[in-house]
Amino acid sequence: MSGFHKYPLHKKVKIVGAHIFLAFLSMIWLIPIVWVILTSFRGTKGSYSSTFFPTSYTLDNYKKLFTDFSVFSFPKMLFNTFLVAIVSCLISTFFVIAVAYTLSRLRFRIRKPLMNTAMIIHLFPGFMSMIAVYYIIKMLGWTAGPMLRVAMIAVYAGGAGCGYHIAKGFFDTIPMALDEAAMLDGASKWQVLTKIIMPLSRPVVVYTLLTSFAGPFKDFMLAKVLCGPNRDYYTVAVGLYQMLDVEYIDQWFCSFAAGAVIISIPVAILFLSTQKYYVEGVSGAVKG
């Protein structure tokens with residue numbers, strides 16, 4: 001904007017109008033977030049408030065999450081969610097990157113049929129197979145006890161390889177000449193992957209890690225079906241939703257908002273700490 005005064009009048013009007021429009025959209029987008037944060041500090045109970053800004057503020061809603069275990073155990077929900085998110089994130093990222101690299105850089109007879117099959121499977125939303133998945137998990141005996149966590153990890157990470165498309169598209173942008181030059185120098189395909197392709201692919205690896213990590217935090221349907229009445233293995237999505245039941249909403253609604261704020265923090269920190277890889281892109285990876 002340093003040379004803004006040099007623009008002709010009609011271009012200045014367009015730029016100012018665009019910024020006003022974007023600022024307006026940003027305000028609309030931020031209103032629900034601000035409301036949730038304010039509600040988490042609200043001193044009055046109940047789900048309804050006649051004012052946007054609370055009439056009194058308190059930290060009791062946050063304290064309640066970590067001290068009142070009579071109905072919900074929020075720390076246990078956090079533990080379950082982090083455990084499932086971290087393990088499924090690592091497994092999912094490995095599957096996605098492995099499948100994407102194989103389909104992008106290697107050529108074999110059933111490559112295209114596999115790509116088409118995976119694409120068709122990925123077109124159907126996960127909840128369509130929810131009942132079938134539940135009965136398979138039940139047949140394996142994973143619907144009770146600590147094996148519920150294993151079941152959730154299997155559900156979130158098992159089909160991750162079918163979502164290879166974005167990673168493959170990124171690998172396709174890396175010239176094959178790099179692979180060929182390295183192999184002429186005696187590098188194996190494994191060395192090409194680890195020494196050349198992966199350092200250049202930090203943005204897509206970070207993207208895959210972020211989306212895989214955020215999945216268990218926001219998913220409700222599959223987690224609810226698998227957990228059923230087993231509250232000891234609830235994830236935060238299932239637990240927070242239960243706080244909105246008729247018998248709990250009056251006492252737990254503000255704590256529900258506090259829980260929503262808390263679980264957004266680790267995802268936001270992870271995104272902000274890895275954002276530089278999006279900005280740097282391939283050129284940044286080469287410089288590194």
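Let me start with Trp 35, which counts as partly exposed because its relative accessibility is 33%; buried means under 20% relative accessible area, exposed over 50%, and partly exposed in between, with a 1.4 Å probe and protein chains only. The model is predicted, so local features need pLDDT of at least 70 and side-chain atom pairs count only at pLDDT 80 or more, while totals for chains, interfaces and linings use all residues. Residues are numbered from 1 along each chain as its sequence is written, and side-chain values use heavy atoms, without hydrogens and water.

Trp 35 sits in helix 1; helices are DSSP runs of H or I, at least four residues, numbered from the N terminus. Leaving aside neighbours within four places in sequence, Trp 35 is in contact (heavy atoms within 4.5 Å) with Phe 52 and Phe 253. The C-alpha atoms of Trp 35 and Phe 53 are separated by 7.9 Å, at 18 residues apart along the chain.

Next, Ile 37. Ile 37 also lies in helix 1, residues 9-40. Is Ile 37 buried or partly exposed? Partly exposed, because its relative accessibility is 36%.

Now the confidence. The mean pLDDT (the predictor's confidence in each residue, from 0 to 100) of the protein chain is 84, and 95% of its residues reach 70 or more.

Notes:
Helix = DSSP H or I, 4+ residues; strand = E, 2+ residues; numbered from the N terminus.
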